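Good morning, colleagues. I would like to take you through one structure, and I ask you to keep the sequence and the coordinates in view as I speak.

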Amino acid sequence: MAYMRNDLGRWLAIMALTATSAAAQDAGFDGAFKLRTGYGLSNNQEDHLDRRTLGLGFDFGYVSPAGRFGLELGYQYKPGNQTNTDLSAMPVAVGATLDPSQSVDSRKSQVGGLTLRASFERRLTGSEWSWRLGVQVGGAKFRQEYIGDVTDGVRYEDTYNGIVTKTTVPLSPFVGVGYAIDARQSIELNVISLGYSSANYQHVAGTVLGTASSPELGGHTAKDSVIVRKRSVPHLEFGYTLRF
Amino acid sequence: MRMRSAMRLSSLGLTLAAGCALVGQTTTGALAGQVKDSSGKPIPGAKVILSSPALFTPRTVLSDANGEWRAPLLPVGNYKVQVFKDEFVGSEAHDVRVGIGTAVRQDLVLKPISKAGMVVEVVAEGAEADKASTKTSMNFSAEVLDTLSGLDRGFEGAADLSAGVAGTSGGGYSVRGGATQNTLYRINGTDIKDDLQGAQVGTWVIEDNIADVQVVLSPLNARNGRALGGQVNVVTKSGGNDFEGSIRAHLSRPTWNSRNPYTKDTPHQISDNLSRTFDVTASGPIVKDRIWFSIGTILTPSATSSNEIGAAYPLARGPMRTGDPQIDAAVANGVPSGYAFASFLTDAKPYTQGYSSNYFEAKVTGALNANHSVDLSYVGSGNKITNVDPGVGVIRVEALGTQEEKRSAWGLNYRGILGEATFLGGRVNRYRSQAIFPTGDPKFSSNPVNLWLDDIAPNDHYWYSVGLPFGMGTTPRPDKRNNTSGNLNLKLFRDLPGGQHEIDFGAEYYQADRTTQSQIGADNRAFRVGGAYYNAASRDWLFPAIIWPYYNQLGQSSSGNTGLAPTMFQYFGQDGITKNTTSSLYANDSLTINNHWGMMVGLRFDAINVIDTTGKTLAKASDLSPRFQLRWDVKGDSHHVFTLTAARFQGDFTSGFTAAFITEATSKEVSYGFSGIPGQPDPYSDPAHAVRWLTYAQLIDPRNYTASNTYLSNYGLGPTTAYGFSDNSKSYILDPHLKSPYLDEATLTYRASFASGNYMRFTYVSRAWKKDWAFSSDYTPSQLVTISDPSHSGLADKLASTVHVFNSDDLIRRYQALEVEIFQRITSALTLNGTYTYGRLTGNSNGGDNPYSTFRDNSIPGYYGNRTFLIQNLGKTNEDIAPTGPLNSDQTHHVRLNFSLERPLDKGRISYSALVRYDSGNNWSAAYAAPLGENAGGPMPNISNAPPAPATYTQYYGGRGQYTYNDQYQVDVKVSFRIPLGFKTLQLIGDLQINNVFNQMEQGTYSTATASLPYGANHLFLNTTSSGTFGGANPKEANYWIAGRSVGASLGMRF
């Protein structure tokens, strides 16, 4: 514990020192355009999302002696690939079975949307390096495409398709470092905990049963549901900034 | 007075950065600027000298009272701009790049000579895109193209790298939401887009001979017409006062590439030959400072490939059976000696296919005098493929043939300086495209014969065509698709009320000719017979036949389409030439009000016309399209410029559109039954039931279909064997006020320019297409027409469906996008140029989005497919049959980031580039051809002889385009070099390109097939059989997979 306090103390001292010597930036308002790409540090298989993210934004800020306060309006996007889901995990109505060889359930998800980032950045004394922290809001519209046709081959055949979306406004904090290439260009490396809520359409197979001689062709029923899960996935981001 | 040169400022990067304005030209660009002193005061009367290897002699202009100077109609190239004025130290800028249609601004500052007489070095500001821009485009110089990774260094490569361009799953490029068929392609000003297919077909460039490539996103200037989509323009090199040349070998090999599941599954179809082509170019003076030339050719070694025939077709076990045991036995037992039934088994017969091609281009540029120049250009290519199976059902090796394609583009361009502020430009262009297709086995190709054979099941009367093994069924006439165009433009610079005006007046003409190629064989006749027997010794054929009234009585087919009795299909009409013309007048005024404000207004008048093969005018229309632009330069220094545009762009009647309703040689058809060969007895008195074995000559003799046998009347038949007819010449009813669709566009752009040519551009685009063509087919009485027997044989009139063609207010196509374009030097050697487009293309009609379809269908199936019948009779809604949503060409994200690093090597260089490509997947819909239940197949109520009702309609489930294919992502790298060899100007040139270097095997598309449906059901059924492939990639389909890593290289010499 003492070790940690000493270490923390050292860190705070460094911050204080850098706080007293402002970066060599001109004070006042500025604007920049940012391009960003990210990579998920964990593989959230359940949502079948890609690890990659893409983003861009327009960042407007104010440079003060303490550092730069920025507000960025942007867009972020995290794609996913089409997947045929594991039918063995699909719930089945009482008394029904499901024949996977004659059934298919296909999904494709993505998450993204407009984002708002508030950030604070401070250059290290006499260096082109800076540290930064902030929080992102938005970019969390989850969208799932689903289409399915499940059957036991005898008594029922459920067909269903649609889109579910779940929009939340989570906070995604980030910290990182930046490097100024020149007066107009810089790069940054952030770690961000990307928040969103996933929505997974859940069909219950065989919800409309007929008889062997008179099979019914079914569809959506009230037994279907959408399962929502909150997520917070760490990502490593690389960004490139061009100032106006 | 000594003058020292200003510091050199390379503007090579601007080759990618001058993506701003265009003066509306397709082969030249412009330079302009202002001469000022160091206090910003304009200097009038300064002498500005423009010199370039692209100019015969330097061009000299003087700055006006505002210090402004301008030089339009400049050939593409790199320029040195020098300015001199007494009492001032001269200034100059080097390597100012002028690309196709670019308007580049190079301001120069002069400093007075110091009283002490010391020489003062003056640094010139970097050149920038002229804010007086009237078009948005991206330009790629030859030097830049050489270093860029990507698809190729021509049309496709440039289009792929541009903002606002989306690739589509159907192929081709959609520019700012435009249909792929509307993207124009030009080489040296000649339009080379195939007007029928709406695509650029063939080889048109030698990459080492390209001077500049331009991708036009919005052709704002009123000079531009036929503008429903974008443009890609290429200009080839013109030569110069120094001899230059190159030879480069392009190499690739399948084993260098990684394999995706498709190529792994079909290794035997991939030849592992080293593919090599050689590009050879040469240029130089014919007369120095007067006439230059440039020529080039692509040498491609001939190649062969091993193929198999017959494997695609099902087994044919025997001739058509009648069901009458005596007749069938007479056929089975009466086979002439030496002959045997030809079953065309699926044990594939091998054959060798040969490929050869040639390509040649040439350009001669001449200076009539210092103020007038002309250039004559030619590009020509040809392909020949031997042993072609055109896919119409060839199952005999003898029926394969040779296919030849020839294309050429001619251009004559004129540029003239009539006065200090008066310029004249003109061009005449010709495009020729011709394809000759094989006509089948020469012994049997005068009239095609189609075999309908029986299936394997003994009591089964299934039949199917095994194609046209004896003749191809196509006319031996060439398929010609040509165009001719011309333009004359007068450009004036005048100081008039309001400011400085750049005024264009002009006229333009475009005509697309298409030679129809529908006639069947030599006599416009085709035949169908129920079996073929072969004699291997004599290599001859016999065809079993009974006379027509026999099978009618046997009830084989009420329509006479099948059966052992042959049928003759006689078509009426002749092939001819259709003409689609566009005649235009325009005026455009680009006005610079002051340093902060500028505007442009333009107006274009187009008259369009379609002339049928018969010479009749099918449709005629005229329209006006206004153009407007407002520019605000915030600080007056071209560094922060906002541009607002509003424009209407008009289309034209393309051959691809009019192909649906022009008169074709096969529009009308009458079917005749076989009446017997001379001397053939009454079948009922003939023990052999009149089964005859016909030679080919007897089979195709029209006299044997003329009811000449007197016994026909014994069966209440005759005097003709005509039993059916169709007349498609009345199928299409054109609205008498038919026009071309148009497009309304609004854009707002902010462009920030910085030192060293760096810039950023942000553009919001909004487009809406209006009055799109509708093809309405409906199952209602109002859409029926009475047709009569073209042969006047006495067959009763009948009703047929029609398609109404008109401009619709209800077909929707909208596009909105944010485009971002960046050019930035990260370090002195490393540059980033990138584009990002976020776009949304929505609507309720996908017309024109398949670049390889000859029929520009807008609505079948779709908005106007049996609309009244479905909505009024069956209660369907728009959401069922034609919802509005993302269209097929919608591509939300399109990212291209190219990093280039260049290292000089004495007088050469080595370049490294990496291109990151990211594309969202295109959209697809959960749609299915749902049956119409009890209404299917039934006749129209209360109308006899009406055609049957539609059996299915396309039902949408959950809207349009709600589903997306997987996004695609890859990184391409390229190393290119020019290494001086130490002997005069000789250089070693080459490159190594690795596409998809990380071998990202994305599944770009996947099966969305739906299974067949139980009758009466109306749900969306996926392919859920045991071999179901829904959602999966089919390893036998190449287009499901993004290509894996591929390697290509080139090596050559240049002097």
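**A sheet in chain B**

Strand β47(B) is joined by 6 bridges to strand β50 (residues 803-808) of chain B, and the two run antiparallel. Strands here are DSSP runs of E of at least two residues, helices are runs of H or I of at least four residues, and both are numbered from the N terminus. Two strands pair if DSSP finds at least two bridges between them. Within this pair, F775(B) faces V805(B) of β50(B).

Before I continue, please note that this is a predicted model, in which local features need pLDDT of at least 70 and side-chain atom pairs count only at pLDDT 80 or more, while totals for chains, interfaces and linings use all residues. Residues are numbered from 1 along each chain as its sequence is written, and chains are lettered from A and ligands numbered from 1 in the order in which they are written.

The pair belongs to an open sheet of 3 strands, ordered β44-β50-β47 (chain B), with mixed pairing. At its edges are β44 (732-734) and β47 (772-777) of chain B, each of which pairs on one side only.

Let me turn to chain A.

Next, the contact between the chains. Two residues are in contact if their C-beta atoms, placed from the backbone, lie within 7 Å. Chain A contributes 29 residues and chain B 31 residues. On the side of chain A that touches chain B, the elements giving two or more residues are β2 (52-64), β5 (104-123), β7 (141-151) and β8 (156-167) of chain A.

N387(B), in strand β26 (residues 372-388) of chain B, has a positive phi near 55° and is not a glycine. N387(B) is partly exposed, with 19 other C-beta atoms within 10 Å. R539(B), also not a glycine, has a positive phi of about 55° and lies in the loop between β34 (533-535) and β35 (540-545) of chain B. Is R539(B) buried or exposed? R539(B) is exposed, as 9 other C-beta atoms lie within 10 Å.

Technical notes:
A residue is buried if 20 or more other C-beta atoms lie within 10 Å of its own, exposed if 12 or fewer, and partly exposed in between; C-beta atoms are placed from the backbone.
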